[in-house]
Amino acid sequence: MNVYDFKVKAQDGSEVSLEQYKGKVLLIVNTATGCGFTPQYEALEALYEKYRDQGFVILDFPCNQFFHQAPGSDAEINQFCSLKYNTQFPRFKKIEVKGDNKDPLFGWLITQNEKGKPVNVKWNFTKFLINKQGEVVGRFAPTDKPLNFEQAIVAELNK
């Protein structure tokens with residue numbers, strides 16, 4: 001199994017196969033618009049602009065499970081991110097990343113580590129780096145600033 005086996009919901013509710021990103025390096029992030037880490041959108045967009053022509057894509061999944069820091073509709077979240085941070089990377093429908101109703105993609109992502117045991121998402125802006133084969137090759141905490149792991153992205157792009 002790899003990331004390409006999953007389907008997610010676009011903001012309009014339509015189904016999107018992650019297979020369309022096959023052969024690209026992905027950074028999957030659960031985000032929130034009212035979080036102390038929200039300013040990371042600026043660095044994420046900078047990375048996306050710098051490397052998207054080389055096959056890098058950020059997949060943004062808003063999540064309201066951590067102190068309700070992603071209030072509003074999907075359209076309102078998209079408008080906030082577009083206007084305040086000029087984000088251009090794909091943003092999907094708001095999801096759950098923990099608990100009984102967690103999205104299957106995040107259910108899989110949290111099991112992809114050397115021990116094979118789930119390591120739950122503990123907060124907004126947890127980031128998963130996916131290689132061109134659809135495998136998780138890195139996980140970065142909310143406190144990890146995007147520019148601090150830029151070299152890991154570059155390394156995957158150059159493989």
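Read along the sequence, the protein follows the pattern β-β-β-α-β-α-α-β-β-α, and its secondary structure comes to 4 helices and 6 strands. The coordinates come from a predicted model. For 159 residues, a compact globule would have a radius of gyration near 15 Å, and the 14 Å found for the protein agrees with that. Along the principal axes, the C-alpha trace spans about 40 × 35 × 30 Å.

**Overall packing**

- Of the 159 residues of the protein, 48% count as buried.
- When contacts between residues at least 6 apart in sequence are considered, 68% of them join residues at least 24 apart.

**Nonpolar cores**

- The largest nonpolar core holds 27 residues, and within it I28, L105 and F106 touch the most other members.
- Strand 3 (25-31), strand 4 (56-62), helix 3 (104-109) and strand 5 (127-130) each supply at least two residues of this core, and helix 3 gives the most to it, with 4 residues.
- Leaving aside residues up to four places away in sequence, L105 touches V3, F6, V8, L18, I28 and F61.
- Another core, of 24 residues, lies apart from the largest one and has Y41, Y48, Y85 and V154 among its members.

**Aromatic pairs**

- The structure holds 12 aromatic pairs, and in general a pair of aromatic rings is described by the distance of the centres and the angle of the planes.
- The ring centres of F61 and F106 are 5.8 Å apart and their planes stand at 80°, so this pair is edge-to-face.
- Elsewhere in the description of the rings, Y41, Y48, F80, Y85, F89 and F125 are linked by ring pairs into a cluster.

**Helix 2**

- Helix 2 (residues 74-85) has 12 residues and reaches 16 Å from its first C-alpha to its last, which is close to the 16 Å expected at 1.5 Å a residue.
- D74, I77, C81 and Y85 are buried in helix 2, and seen down the helix axis the buried residues fall within an arc of 65°, so they line one face of the helix.
- An α-helix has 3.6 residues a turn, so residues three or four places apart point the same way.
- The buried residues of helix 2 pack against helix 1 (40-51) and strand 4, whereas the face turned away from the buried side carries the exposed residues A75 and L83.
- After helix 2 comes N86, and the phi of N86 is positive, near 55°.

Notes
Residues numbered from 1 in each chain as written. Predicted model: local features only at pLDDT ≥ 70, side-chain atom pairs only at ≥ 80, totals over all residues. Heavy atoms only, no water. Core = buried A, V, L, I, M, F, W, Y, C linked by side-chain atoms within 4.5 Å. Buried < 20%, exposed > 50% of the residue type's maximum accessible area, 1.4 Å probe, protein only. Contact = heavy atoms within 4.5 Å. Phe/Tyr/Trp six-rings, centres within 6.5 Å; stacked < 30°, edge-to-face > 60°. Expected span 1.5 Å × (residues − 1). Arc of directions from axis to C-beta. Rg over C-alpha atoms; globule rule 2.2 N^0.38 Å.
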